[in-house]
Amino acid sequence: MAPRYYWKGYLKLSLVTCPVAMTPATSESEKVRFHTLNKDTGNRVVSQYVDSITGKPVKDENEAKGYARGENDYVILTDDDLDRVALDTVKTIDIEKFVPADSIEWVYLEKPHYLMPDDAVGNEAFAVIRDAMKSDGVVGVSKLVMGRRERAVILEPRDQGIVLWSLRYGDEVRPEESYFEDIDDDADPDLVPLVQKLIKQKSAHWSSDMVSDPIQTSLLKLIEEKRKALKPKKAAKGKAAEAAPTSNVVNIMDALRKSVEADLKGRKAG
């Protein structure tokens with residue numbers, strides 16, 4: 001199935017321009033989603049915009065944006081009004097600067113999108129920009145209108161394509177010093193080697209299975225059981241009370257040693 005594109009426009013670097021298409025790199029369409037129902041009738045519940053004074057539903061063609069300039073006093077803006085102030089970045093990704101690829105902190109990265117050439121003619125220009133960034137170890141910095149809002153973006157070469165990351169604005173990122181300043185600067189040097197042993201024993205190659213969603217799996221199982229009209233088993237009477245939870249206060253040195261030993265035993269047994 002051919003991909004559905006979220007955006008189409010142009011990638012521009014100085015005098016080099018090529019048509020490109022973009023689609024989100026992530027999707028939540030496979031997630032379990034629920035509709036709100038009337039429990040008594042089983043019918044879906046629908047929502048609609050209602051005039052706050054008259055109480056009557058508002059037709060789609062009568063909806064408009066409103067900027068509040070006082071209590072119950074708004075400046076009305078239609079879609080046509082908003083289109084007239086559209087920026088050049090609505091249709092063009094003009095690379096303004098290049099920065100080292102490792103200079104942008106991860107906390108500024110918001111959402112990834114796949115960027116690719118939109119026709120065969122633009123393939124060469126796209127590939128040249130991609131490979132030049134890859135060779136120099138840099139990413140491109142630009143701006144793009146997304147959802148009627150101009151966002152700062154970076155372009156990161158990835159395999160045969162480019163990943164476009166929308167960025168959070170500086171005032172959206174909380175300074176880490178406010179949260180980390182009271183943490184001890186140095187760890188106990190006797191504990192670090194034990195943790196390093198655990199890290200070595202538990203090291204593995206990255207796999208997407210590491211970020212599977214157990215709640216999603218459980219929901220799908222529950223839905224399937226409901227679909228088959230299976231009745232849940234009744235809990236056995238007279239079930240013994242669960243043991244009281246033990247204290248979480250432990251000796252970290254003992255805990256680390258036990259972790260290392262248990263992991264080693266598990267490996268030998270395997």
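**Burial, salt bridges and surface features of the predicted model**

Ser166 is buried, at 2% relative accessibility (buried means under 20% relative accessible area, exposed over 50% and partly exposed in between, with a 1.4 Å probe and protein chains only). The structure is a predicted model, in which local features need pLDDT of at least 70 and side-chain atom pairs count only at pLDDT 80 or more, whereas totals for chains, interfaces and linings use all residues. Residues are numbered from 1 along each chain as its sequence is written, and side-chain values use heavy atoms, with hydrogens and water left out.

Ser166 is located in strand E10; helices (H or I, at least four residues) and strands (E, at least two) are DSSP runs numbered from the N terminus. Not counting residues up to four places away in sequence, Ser166 touches Tyr108, Leu109, Glu110, Lys111, His113, Met146, Ala152 and Val153, contact being defined as heavy atoms within 4.5 Å.

A salt bridge is taken as a side-chain nitrogen of Lys or Arg within 4 Å of a carboxyl oxygen of Asp or Glu, and the count by this rule is 6. One of them joins Lys8 and Asp118, at 3.7 Å from N to O. Because Lys8 lies in strand E1 and Asp118 in the loop between strand E7 (109–117) and helix H2 (123–136), this pair ties together parts 110 residues apart in sequence. Glu110, Arg151 and Glu172 are linked in a network of salt bridges. Within it, the closest N and O atoms of Arg151 and Glu110 are 3.5 Å apart; Arg151 lies in strand E9 and Glu110 in strand E7, so the pair connects parts 41 residues apart in sequence. The closest N and O atoms of Arg151 and Glu172 are 3.7 Å apart, with Glu172 in the loop between E10 and helix H3 (177–180). Arg151 is buried at 9% relative accessibility, whereas Glu110 is partly exposed at 34% and Glu172 is partly exposed at 36%.

In helix H4 (residues 192–202), Leu194, Leu198 and Gln201 are buried. These residues cover an arc of only 65° around the axis, which puts them on the same side of H4; the arc is that of the directions from the helix axis to the C-beta atoms. The face turned away from this buried side carries the exposed residues Ile199 and Lys200.

Two residues other than glycine have positive phi values: Ser14, near 55°, and Asp159, about 55°. Ser14 lies in the loop between strands E1 (7–13) and E2 (16–24) and is exposed at 52% relative accessibility. Asp159 lies in the loop between strands E9 (149–158) and E10 (161–167) and is exposed, with a relative accessible area of 59%.
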